Structure formats: C-alpha cells, structure tokens
Amino acid sequence: MNYLSVEAVSKAYGAKKLFDKISFGLNQGQRIALIAKNGAGKSTLLKIITGKEIADEGSVTFRKDITVTYLNQNPVFNEADTVVEAIYNTTNPTLNAVREYEFALEDFEKEMNDKTSDRLERATERMNDLDAWQTEAKVQEVLQRLKIKFLDKQIGVLSGGQKKRVALAKVLIDEPQLLILDEPTNHLDVEMIEWLENYLINKDLTLLLVTHDRYFLDSVCTEIIEIDNTKLYNYKGNFQYYIEKKAEREAIESSEIDKAKNLYTRELEWVRKMPKARGTKAKYRVDQFEVTKDKAFSGKKEEKLELGVKMNRIGGKILEMVNIKKAFGQTKIINGFSYVFKKGEKIGVVGKNGAGKSTFLNMIMELEKPDAGTISTGETIVYGYYSQEGMKLNEDKRVIEIVKDIAEYIPLADGSKLSASGLLTKFLFPPDVQYGFVSKLSGGERRRLFLMTILIKNPNFLILDEPTNDLDIVTLSVLEDFLTNFQGCVLIVTHDRYFMDKLVDHLFVFEGEGVVRDFPGNYTEYRDKKEQEDRVKPTELISPIIEKEEIMPEPVQKASEPAANNKKKASFKEKFEFEQLEKDIAELEKEKQTLSEKLNNGITDHEEVLKYSQRISKIISELDEKGLRWLELSELM
C-alpha cells in the first residue's frame, strides 16, 4: 500500500541546485533513511514533503486516509505554552481524553471538592468509552524514557535539547501511520537513543528519517536513499551495503565518463575537420556528439574535506587531575576523581544527560572551578575545545572574515602555509560561500566552520563535546580518519556510538552520585560488560547455591568433538533465570489484562483509577525488559 509518492521534484536556491527531478515512493511498513552531504538538501526535501516549503517543480502525494507527523530538526512551539500543553496539542480524540483526564486528576489532587470530583468522573468515563488507559500508560512511558519531568515549565525557558525531546515525545505520542524524523537522535543520551531504536523497531510504523547516527540507521532502517550531485539513488540494504554499492556505482560512472571523454575527443576532431560535409546524412552523428559531450562532462570533480593542519609539539607532562570534587547543591558530579593523561590517548566520556560530562570538560578548560582537588596542565599543551554550544558567530560577517580574524595564513602539517581562502576551500567552502554571510550557512556548515577555527590554532589536545551533531556522514568519516591519525590527546563526549567505538581507547563513565568509572575499552565493550553485571546482580540475591555451582570448572572439551559443540551452552543459573522469566512474563500479562478489564468496566473511585493506570505503566516497562532478556536466553536454550 503506497503511503507517499514524490514525483520529479526539483529545488534550487539561485544558482545552487539541490536536487533535479528526483522521484521515490514509500510503502506501508517501509523504514527508509535519507542521507546526503551537508547542504545537499536533506532537510529541504523533508520540508517540501511536509508542505513547509514549495518545490520548483514536481509533486508530492500522500495517501488520503493516513496520519502523518513530522519532527523538525529545529522544532517550533508557542513559547508561552507549558510542556504538557504543547505535548497534548492534538486532534487525536484518544489523546484529548488522556489530556483531560490528566488535567482533571491534577486539579482534583490540588483541591478535592464537588466541582473537581465531577470533572474527574466525566474524564474517567470518557477514558473508559475510548479504551484509552493503554494510551495513557504509553504516554507516561514515553515521558519517563525521554526524562521529561518539567511538564509545568513554559516552552520559552527550555534549552534547545529539552525542546527537541518535547517535540520527539509529541510525535511518538501522536502515533501516526507515517512518521518523518529529521535528526531524531540529536540531544539524546545513549540510553535514550537505544530505547528509541527499540521503540521504532517494535511499532507498526512507516518511517522516513534523516540521521547521521550509523548504528541507529542500521538498527531502524532497511533501505537508504541518497541525494548525490542533485540525483537520487536507492539502496535496499543497511549502511554497509550502501557503502559497498555506492563505491561500485561511482566506479562504473567514472569508467563511463572516461569512455565518453575519449569518444568526445574523437568526435570533436571529426566535427572540426568536416564542417562542409555535415549534411543531412551526418546530422545523426552531430546529435550523438551533443549527447556524448553531456555525458563526458556530467561528472563533477569530487571535492573532499581535508584535515591536515600542524600540531604543536607535546611534552612529557600533559594533564593531571588529582582528587577532583564537584557538586551542585546536593547533586554530586565528581567525587574524588584522579587521572594522569598520557600522550596519544583517546578517551570517550559517557553518561546520562545531566550527569556532568560538559561540566567535567569545562573544568579542564578552566571555565568552571572544582570544589576541591587540583587540575594541572603541561606547559606545551594547546587545547582545542569544540563546545556543544558551538561558536558564537557574527551573522553579518562574511565567512572568510571569521577565519582572517584568527590568522591570514595557516601552517600545515607538511610545513607549508595556506591562505585563509585556501584553507576554507579544503574545508569544502567554495568562493561564493566564503564571501557570503554567516547567516546563510546551514547548521552543518556552521559546525564545519567551528571545527576549522579550532584546528587553525594547531592544538595538541582536542576536547570535543558532541562533535557529531549536525555533521553529515561523509564529514564524520573524514573527521574519524583525522582523529585516528592525530598524535595528540583526544577527549570526546558523544552520543554517536559508531564514532566512539571507532576512536576511543577507554571510557570515563559518569555513573551518577559522583562516581566516574575508568573503563578499558570502547562503548560496545562497556555495554556488553554492563549487561553481564546487571544480569548477575539480581540472581546473586536469589540463591547463593546456584552461584557456587556456576563457578565450578566445566569439563574440558575434547579436540575430537564436532565443531558444532563449540556453541556456548546455557549455564544452570541461566536455565533457572529463563524458567523464572517465563513465569514472570505470564503473571505480568495476566495482571495487565485484569487491570485493563477493571478500568474498562467503569471504575469511579479516582484513587483506584490512578493506582491501576500507574501499575499498568510499570507492567509494560517490566515486560519490555523481561522480554528482551528472555529472547537473549532463548538462543542458548
């Protein structure tokens, strides 16, 4: 069943053509990722599809009987609305019933009288009529998972990241049939991203999304479409498949262009030598010459981002942190952390939003002071700090003026010097953009310019706070290669698990309550270790006898046994856990059904309604966790 058709759509801004007569469709159940370089028109295409912008030509058609929701990269709200008003601003009757119930319950809890009691009773009846209790539980789950606890705050006082989470919560709660998402993982911590992955995979949704998060893309999407050189290409596979097929396509195109150029040279010679002989009989050859000419010059020279500035010499002493403590009121950020950095280390910093990661970086940069302890930087160290907030740019300045304010000429790694204009060109800013105003830059271009202004200063210790936000996949790949070969130290805060796995030697994990764990390995290794620890903890409390049996050595497998027996078998403890999970899941499903039936039978006791709905929400969360663990263990059974 076709949900969306994009037919021969074109868009240009002045002389810059974004895409030319591109077409594609989206059928029910498809989950497609749209990727392209910064400035190639990803967000513009989504805006055209959703009616926020008008195409120069072409058409966009939706199936009439479906609901469509769009998550803008920069969501717009009524700044005077509270968060709860913004989330429940919908025409969905079930969500309207949930909103009225939530408001009525809040008023009743504040002031119990006949008026508030009658309102809550009417709201409860409406919930029963629409069978809306599961929806109410789902709303609570989404708000809890995205850590939206500031429901009474006005939108106008929220940070950019909080607004993005509110917008994401709203589109998920609306539960449309077709969901269009522009960079949904920006401003989410890793825990939220992993929850969102599972949420989208397990929902019956049709999905079109723009993302630079390659793990997220691989997990959620089954197809990729790419805008490249104004054309659209389709890849029916994951990110690795896309990389392989894109390379094949470019090789074939390059070969065809080379052949066309050789043919063009021969045909050009014929056209020049025989001007008088070109009559009716030769007209076909003249026409073919024009076709060959178009093909020969169809391939633009591929401009690649180049990162290769000079690095200052790094001495023996780099950075020493001794017994650092930091708290905000009763909230401990760091409590007694010590570390001595070594040359060439690349360390990732992970933890939930608000755990103190940015505060940690700011203390190193002396933008904030620790409550106790000492931070000592070596004399040769030159920091390059890429902050999450980005660079505060003068919108009325030209791009080249931003660079010239720092330096007219920049020393490169090979010992040569480059002008400001030359360096901008290496960073994929063509002359028309260099002399254009900062206000015209896209979000990704601003980030690229910010990164450039940092590297100009030749740092030997890079501190990167969310460097992947707004950067396209091509730029990320170049940045990864640069950082891999960077001889200095790197400290990275990022929610991009692919980026972190590729670069870091070990992690600083902010676990809360001031605990910072130094973990030897990348994020995926840490995640696997954490899951093992989480699985051991509850079973340790069940039976010490099982634990003793678990640690007994298993018989050594004989070399002559078949290779198939090498597969890991379930331990006694895991079998016990598997059987217990089956019982727990069955009991939870039964309890959930019982509570739902009670709610649907028209309970009027408001305290019971509240208690049952809260319990259903908790049951759904428990079922998700136990179900995932059951699937893991079932592979070993």
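This is a predicted model: local features need pLDDT of at least 70, side-chain atom pairs count only at pLDDT 80 or more; totals for chains, interfaces and linings use all residues.
**Exercise 1. Overall make-up**

Task: State how many helices and strands the protein chain has, and what share of its residues count as buried.

Solution: The secondary structure of the protein chain consists of 21 helices and 20 strands. The chain has 637 residues, and 47% of them count as buried. For contacts between residues at least 6 apart in sequence, 68% link residues at least 24 apart.

**Exercise 2. Helices α5 and α6**

Task: Classify the packing of α5 and α6 as roughly parallel or roughly antiparallel, and list the residues that meet.

Solution: 
1. Two packed helices are described by the angle between their axes and the distance between the axes.
2. Helix α5 spans residues 133-145, and its axis lies 10 Å from that of α6, at an angle of about 155°.
3. Angles over 145 degrees count as roughly antiparallel, and α5 and α6 are therefore roughly antiparallel to each other.
4. The crossing of α5 and α6 is right-handed.
5. From α5, Lys138, Val139, Val142 and Leu143 meet Ala169, Leu172 and Ile173 of α6.
6. By class, the contact of α5 with α6 holds six nonpolar residues, one charged residue and no polar ones.

**Exercise 3. Helices α6 and α7**

Solution: 
1. Helix α6 covers residues 160-174 and helix α7 covers residues 190-202; their axes come within 13 Å and cross at roughly 15°.
2. Because angles under 35 degrees count as roughly parallel, α6 is roughly parallel to α7.
3. Arg165, Leu168 and Leu172 of α6 are met by Met192, Trp195, Leu196, Tyr199 and Leu200 of α7.
4. The contact of α6 with α7 is made up of seven nonpolar residues and one charged residue, with no polar ones.

**Exercise 4. Leu172 and the cores**

Task: Find which residues touch the most other members of the largest nonpolar core, and which residues Leu172 contacts beyond its neighbours within four places in sequence.

Solution: 
1. The largest nonpolar core has 58 residues; Leu146, Val166, Leu172 and Leu200 touch the most other members.
2. Another core, of 46 residues, lies apart from the largest one; Ile402, Leu441, Phe482 and Leu507 are among its residues.
3. Returning to the helices, Leu172 of α6 is one of the residues that meet α5, and Leu172 is also one of those that meet α7.

Technical notes: Residues are numbered from 1 along each chain as its sequence is written. Side-chain values use heavy atoms; hydrogens and water are left out. Axes are lines fitted to C-alpha atoms, for helices over the stretch in contact, and angles run from 0 to 180 degrees between N-to-C directions. Helices (H or I, at least four residues) and strands (E, at least two) are DSSP runs, numbered from the N terminus. Angles under 35 degrees count as roughly parallel, over 145 as roughly antiparallel, 65 to 115 as roughly perpendicular and the rest as oblique. Contact means heavy atoms within 4.5 Å. Ala, Val, Leu, Ile, Met, Phe, Trp, Tyr, Cys and Pro count as nonpolar, Asp, Glu, Lys and Arg as charged, and the others, Gly among them, as polar. A nonpolar core is a set of buried Ala, Val, Leu, Ile, Met, Phe, Trp, Tyr and Cys residues joined through side-chain atoms within 4.5 Å. Buried means under 20% relative accessible area, exposed over 50%, partly exposed in between (1.4 Å probe, protein chains only). A crossing is left-handed if the near helix is turned anticlockwise from the far one by less than a right angle, and right-handed if clockwise.
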